[in-house]
Amino acid sequence: MNRLLVALLSLIDAALAAAIGLAIALAPLTALWAFGLGGSADWGTLWPASATIWQLGHLVPVAVTLPDAYLAATGIDPSAGSFVLSLAPTVFALFTAVFAARSGARASRADAWGTGVASSTVVFAALAALVAVTGGNAVAATELWQAILFPTLFFAIPALVGAIVVEWREAGAGAVARLRDRVEAAAGGWGELPALAARGTAIVVAGFVGVGALAVAVAVVAGGAQVVSLFEAGHMDVAGVTVTALGQLAFLPTLIVWAAAFLAGPGFALGTSTSVSPVGTQLGVIPGIPVLGAVPQLDSPWFLLTALLPVALGALAGWAVRSRLVAHDEASPAPAAVAPWATPSLEGLIGAPPEARAAASDEPDDRFGVRFALTALIAVLSGAAAGLLARLTSGSLGPGRLAEVGAAPGPVALAVGLEVFVGAAILLLSPRRRSRDSTSHGGRSTSHDDRAASDGGRTWWRRDRGEDERTDAAPTTVDADDRAAAATRASVWDGRVGGDTASTRFGDIDSTDFRDSASVGFDPAAGRAEGSGRSFAVGDAAVEDATAEDAAAGDPATTPARAREDTAPLPPFVPRERGEGEPAPRRPSPLPPVD
């Protein structure tokens, strides 16, 4: 897509993100002005209030200074007339972040993510500056640089992350794609570490937020009577109830993080020297906000069992990434070298030799270092994410004791990190279970890993062909055709053999014919599989016998071979240059497209 068009679309995204966020703040105030005040007040004063709410929703601290006349009329202590309000209605920041991430993802799919992210960020920063300049007031003041920087960061960072994630998943060219290919090419399974750690962390964070939301719902239902009593104590009319309910919904993400911190163990505070945790609840005088009536009054040690929920989330993440590790190991091709003696018949009689079993133990199935690093990385990232959420949902709600409200980031990060590590370690660091089809031959146990090492990867080709993997019964033929077919496929992908000569046909060859052979190999230059006594032409309709005596005796190797079903002609791999303006090929995304 044209870069100018991407820049224009990103500009529209940024303008919509700012406009809709401001409208969400302005709409309830307009309803209150129309129905609660009867339209008698100046509507122009609603804009500074809406701008301040929008800025507070993006974590911009607001310095509140109440007029002296108001303090005298209400009897409020003058020392409480000035305070900092920093507990944010995080629904505004959440909306901006989601909108920015979608914009960055679309710019990435248009192959111009740098242009899209940069242009949308500049536009959003300009709009934030416009709001800061025009929305100032004497009662609730903000620092100009904070009013511009904080909302811009809440747009720029998610947009950049969304673009990079899509580039990492789907891009076929570019700096991110080159970095991804270099990382994934790391040997020993370390190339899988970043993607699996990100997947595991996403599972833990999503579960952390999910259990917090469930806890909020249960608490509101259980404390519904107290919530209703606080609404009634406020003597509010319909407009007041509506505005109060909408204001509480704006703090819903904050309440969810508080509940999740409670389940993790550290809990949260509703003022200085207060605590709400599974150990117990210690509260003094709290604001008469109706939703705070759902705060549980606990004195039972059984609530400490809620700390098992993050452990379960860690176990779930460990199971998810471990299953992908196992799937990757099973799909990875084994080494191509095949020992001359390693026929299934001999393997069934004498089992794999010590060197083959040692090679099997070195395979990626037992990559303990990778799995330990993955466990630690998931725990660290999950703890950091939980601590960041706690920091974003804590702050000051008023003067005096209300200066400390929310969950402490440090204890929450430490608790979640340790609990997730325990759960993930249960799944990721436990020993790999051997295959159930392990059998004993002649007093020697031959496991699935031993057989995979001894047959030099033929089990992998059989799995690809859909054939039976069992090697308990000694077969009567050697899979020389498998070896030649594998070499042919590799040569086709390397561009050395054309697709019209990629099909391989062999007759049934008795295993005794190879008892004196040193090796069976494939010469890509000659297009032939060569043994010590025979020469097999790739793509021919018959097999050339080395001796005329065998042909006269009716050797099965000289009979016309049956066509193989799994070696249909493959097209040759011919790289070509991309035309001008043609986008780079992209990986198929496992996620649904973003509109």
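Ile 20 is located in helix H1 (residues 3-36); helices are DSSP runs of H or I with at least four residues, numbered from the N terminus. This is a predicted model, in which local features need pLDDT of at least 70 and side-chain atom pairs count only at pLDDT 80 or more, while totals for chains, interfaces and linings use all residues. Residues are numbered from 1 along each chain as its sequence is written, and side-chain values use heavy atoms, with hydrogens and water left out.

Ile 20 counts as partly exposed because its relative accessibility is 33% (buried is under 20%, exposed over 50%, partly exposed in between, with a 1.4 Å probe and protein chains only). Together with Leu 5, Leu 9, Leu 11, Ile 12, Leu 16 and Ile 24, Ile 20 makes a nonpolar surface patch of about 550 Å². Such patches are made of residues with over 30% relative accessible area and no salt bridge, nonpolar side chains being joined within 5 Å; a salt bridge is a side-chain nitrogen of Lys or Arg within 4 Å of a carboxyl oxygen of Asp or Glu.

## Aromatic pairs

The structure holds 7 aromatic pairs (ring centres within 6.5 Å; planes under 30 degrees apart are stacked, over 60 edge-to-face, the rest tilted). One of them is the tilted pair of Trp 54 and Phe 124, at 6.1 Å centre to centre and 45° between the planes. Trp 54 lies in helix H2 (residues 46-57) and Phe 124 in helix H5 (residues 113-134), so this pair ties together parts 70 residues apart in sequence. Both residues are buried, and ring pairs link Trp 54 and Phe 124 with Phe 155 into a cluster.

Definitions and conventions: Patches are made of residues with over 30% relative accessible area and no salt bridge: like charges are joined within 9 Å, nonpolar side chains (Val, Leu, Ile, Met, Phe, Trp, Tyr) within 5 Å. Accessible areas come from the Shrake-Rupley method with a 1.4 Å probe; for residues, only the protein chains shown count as cover. Helices (H or I, at least four residues) and strands (E, at least two) are DSSP runs, numbered from the N terminus. Rings of Phe, Tyr and Trp (its six-membered ring) pair if their centres lie within 6.5 Å; planes under 30 degrees apart count as stacked, over 60 as edge-to-face and the rest as tilted.
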